[in-house]
Amino acid sequence: MILILLVLLGIATYFIVKRSVAGITTTPIWLLWLVMMAPPFVWTGWILAYGRNRPMPAALLIGVFFASLILYTFLIQKGRIQPQAKANETGNNSTSSETAKSAEAAKVRPINKEEEAQLRDCFPWSVYYLQDLEYHPQAVICRGHLRTKSEEAYRTIRSNIEAKFGDRFLVIFQDSFTDHPFFAIVPNPQAHPDFKRQQNNLDRPGLALALLLITLFTTTVIGTEIAGVTLKALQSDPSLLIKGLPYSLAIMTILGTHEMGHYLMAKRYKIKSTLPYFIPIPFFLGTFGAFIQMRSPVPHRKALFDVAIAGPLAGFIITLPLLIWGLFNSSVVPLPPKTGILQFDALIPNFSILLAVLSKLALGSELTAKTAINLHPVAVAGYIGLIVTALNLMPVGQLDGGHIVHAMFGQRKAAGIGQLARLLLLFVSLMPVLFQISLIPRDFLLWALFLFLMPVYDEPALNDVTELDNKRDLFGLLSLALLLLIILPAPRFLMQLLNL
C-alpha cells in the first residue's frame, strides 16, 4: 500500500510542479520533482527497511523536509536569475545609453499614443481618479484613487473600455499592497481567432464518455477486490464482476457530482470550461478522481466563490447518505495490531470527528474502543468521498478551499491562510513521530507534503476587489467548519461519550 501511495504522490507531484513553476524557471522539472520527492522517498525507505514498529527519528524527517524545501526554492530562484545575469553581462559590454535604448525598444506597448487618450477617457474622475499609467509589454497598469463603490467602478470602466476597444482587452481590477486598488488592461486571448477555434473543440463528449466507461470498468474491478472476490475467482467466473458495481457506481456518482457542481456553476456564470473528465487507473481505488478545466477568466469573487463551493457541497450532499447507508451495512471486527486511514477492512474512525459520530450512530453498541469497522463497498466509496471533500476544502492555492478563502478574504490574505494551513497540517502529521500520539494517522504526512508542492497564490478574478455578501461569507465559514469536522481527531471526552 505504501508503494502505491508513493507512486500516486509521485505522479501528482510531477504534474503540480510542472504546472506551477514551468513558466518561471529554467531549472529542469525532473530535478525539482526529485528534490520535492526526497522526504517521501526517505520516509518510505525507512519504513521498508525498519518497518512501522521503529519510528523514523523526528530530527531526520524534519531535516530532510526543510532541506528539500530550501533546495527547491534555491533551484527555482537560480533558474529565474540566469536570464537576468546574462542580460547584465551583455549590458557591461555596451554603454548605458545603448542599454537604455535597447530596453525601450524591447518594451512593446499594448496601445499607442492615440489610444492612450481614449483609455484615459474611460476613467471618469467621479468613479476612479486616474493618476498614472504604467506600460508593460503585455499590460497597462492604471493607478489612481477609487471614488465610488468598487463594483460600480469596475462595471462603469469595463463598459467604457469595451465601448472604445471592443473585446480587444480584459479589464482586471485588483488590490495593491498600498490598499489602493488598480486596473490592469491586458490583451484578451479570447479575441484571437486561434482561441475561438480552440473553444469550438472545448467540449469533447466522446472523450468524456470514453474515460467514464474506462473508469467504470477499472473501479468495478477494484470494487470486486474490496467485496472480497479474489483475482483467481474473478478469472474463473467473470460474472462475479457484478459484485464490484456497488463500489464503482457509488464512487463515480460522488466524484461525478462533485465535478458537475463546478461545471454547472461555471456555465451559470458563462465561464468556458471542459466537460468533467474521469481519470482511470488499474489499481488502488480504480480512479484518480475527475476534473474540469476552466478556459476563461472568472468575472468576480462571487463567481469564484460559487464555482469553488459548488463542487464540495454537491459532492458532500451525495457522499453523506451513501456513507451512512454503507456504515449501516458494514460489520465490526476485532481491533488489529496495525491500522491506517486506508485500511478498509479494519478502519478505526477516531481520527475524524464526523466519521466517529456517524460510525457510532450506524453501528451502535457493537462499535467499541476494542473493535474496528470492516467497511461495506458503498461505505468505502462514501469514506473516500469524505476524504476527497476534505482535501478539496483545504484552503491552499488552487484547491476549492483556496478559491473559497480567496473569494472571502482577498488574494493576499488567502495566501497567508494557505501557508498557515499547510504548516499546521505538517505539524499535526508529525505529531505521531514527535510525541507518539497514535490518534493522528501517519498517512497525513503524504497529504501535508502534497500541499507544500502547491503554490499558495490563486489566480485573481477580473474584479478581484468587490467583496462577498454576508450569506456567502457564512457558507464559506461553514465549509471550513466541515473541513475541521472531517480532519480533526475526536477529542477524548467525545470518545468517552461514544465509548470509542
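Which handedness, left-handed or right-handed, has the crossing of α12 and α14? The legends below describe close-up views of a predicted model.

**View 1. Packing of helix α12 against helix α14.** The crossing of the two helices, α12 and α14, is left-handed. On the α12 side, the contact includes Pro-312, Phe-316, Leu-323 and Trp-325; among the residues they and their neighbours meet in α14 are Val-378, Gly-382, Tyr-383 and Leu-386. By class, 11 residues of the contact between α12 and α14 are nonpolar and 5 are polar, with no charged residues.

**View 2. The β1-β2 hairpin.** Strands β1 (residues 128-136) and β2 (residues 139-146) pair in the antiparallel sense over 8 bridges, and 2 residues separate them in the hairpin. Leu-133 stands opposite Cys-142 of β2, while Tyr-128 faces Leu-146 of β2.

View 3. The 4 strands of the open sheet follow the order β1-β2-β4-β3, with antiparallel pairing. Strands β1 and β3 (169-174) are at the edges with a single partner strand each, so one side of each has no neighbour in the sheet. On average, neighbouring strands are turned by 20 degrees against each other, direction ignored. Helix α6 (residues 113-121) packs on the sheet and touches β1, β2 and β4 (182-187), its direction making about 150 degrees with that of β1. Helix α7 (residues 150-165) also packs on the sheet, where it touches β1, β2, β3 and β4; the direction of α7 makes about 160 degrees with that of β3.

How values were computed: Residues numbered from 1 in each chain as written. Predicted model: local features only at pLDDT ≥ 70, side-chain atom pairs only at ≥ 80, totals over all residues. Heavy atoms only, no water. Pairing = 2+ DSSP bridges. Left-handed = near helix turned anticlockwise from the far one by under 90°. Contact = heavy atoms within 4.5 Å. Nonpolar A, V, L, I, M, F, W, Y, C, P; charged D, E, K, R; others polar. Axes fitted to C-alpha atoms, helices over the stretch in contact; angles between N-to-C directions.
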